[in-house]
Amino acid sequence: MRFLQYVRQGRATAGLLGGALLVPLLAACGGGDTGTPAAAAPTVSASSSVPAANLTVLAAVSLTDVFKTIGTQYAKEHPGTKVTFSFAGSQELAAQVRQGAPADALVTADTRTMDGLKAETGTPTVIAKNELVIATAPGNPHKIDSLKDLSDPNLKVVLAAPEVPAGRYSQEILDKQNITVDPVSLEPNVRAVLSKVELGEADAGLVYKTDATAAEGKVDAVTIPPDQNAIASYPAATLKATKKPAAADAFVRWLSSPEARKTLQEAGFQQP
């Protein structure tokens, strides 16, 4: 009987010692319940289970200023992830995608361009909207106060080219009001239109409200009534050719988050 008690006590003691030794062993391995070594775990952002990555995002040029801020915000919330933007007119971005330019996500300034890339993108989501204004020199020296004033042959007016979303929107609202404008130049993107006005090479130009806001002090903005204006939509989508689909999807989803929407709204963009 004493022998059996001794054996049982010995087994219990061995079990306790084994458990005590096993805890530090697991802790040293860093594996918790699974026992997986910490070194084997993939790098992930602190705020989610999405792997950290260096992302390249093709974005409409009118997003230049706000996306620089958004890129910094995203990197701060997702340590280990860096977002690099390539800005151009939406039609240029579409050409880059079709030519296989290495990138992970796309944001255009219109749904038409994005719809034309269905074979190359995931399902797009509109993240913001915008509207047009008339940009003039500071102080509006020519006293422009309506679209109709742009038909004055003595004014040097510049517009975005018709294949550019901003150019298409511009022609749409001018046609709607039966206004004929003879532009001194047609630019490859809306920021080029803004630059012409800033440099004094044009008296006026149609640009997005957010462009005029970003150039405050360098240009004045004449508001266009809502019933005469056009609304630009900005869809974002993951590119099917990306080699980092999880990270790209996460960034595109984040663009619709409260944080991103607040930043876009502060830059003058409208809610989608």
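Modeller: Let's start with a term: a salt bridge is a side-chain nitrogen of Lys or Arg within 4 Å of a carboxyl oxygen of Asp or Glu. Here, Glu201 and Lys196 make one through their side chains, at 3.2 Å from N to O. Keep in mind that this is a predicted model, where local features need pLDDT of at least 70, side-chain atom pairs count only at pLDDT 80 or more, and totals for chains, interfaces and linings use all residues. Residues are numbered from 1 along each chain as its sequence is written, and side-chain values use heavy atoms, with hydrogens and water left out.

Colleague: How many salt bridges does a search of the whole structure find?

Modeller: The search finds 4. In one of them, Asp65 pairs with Arg191, with the closest N and O atoms 2.4 Å apart. That pair links distant parts of the chain, since Asp65 sits in helix α2 and Arg191 in helix α6 (residues 190-198), 126 residues apart. Helices are DSSP runs of H or I with at least four residues, strands are E runs of at least two, and both are numbered from the N terminus. Arg191 also bridges to Asp211, at 2.6 Å from N to O.

Colleague: Is Asp211 buried or exposed?

Modeller: First the general idea: buried means under 20% relative accessible area, exposed means over 50%, and partly exposed is in between (1.4 Å probe, protein chains only). Asp211 is buried, at 0%. Asp65, at 37%, counts as partly exposed. Going back to our opening pair, Glu201 is partly exposed at 41%, and so is Lys196 at 24%.

Colleague: Which residues does Val207 touch, leaving aside its neighbours within four places in sequence?

Modeller: Contact means heavy atoms within 4.5 Å. By that rule Val207 meets several residues, including Glu131, Val133, Leu194 and Ala212. Val207 lies in strand β7 (residues 204-208) and is buried, with a relative accessible area of 0%. Its C-alpha atom is 6.6 Å from that of Leu194, 13 residues away along the chain.

Colleague: Which residues of helix α9 are buried?

Modeller: In α9 (residues 258-266), they are Ala260, Thr263 and Leu264. Seen down the helix axis, they fall within an arc of 100°, so they line one face of α9. The arc is taken from the directions from the helix axis to the C-beta atoms. Turned away from that buried side are the exposed residues Pro258, Lys262 and Glu266.

Colleague: What do the buried residues of α9 pack against?

Modeller: They pack against α2 (64-77), β4 (125-136) and α8 (245-254).
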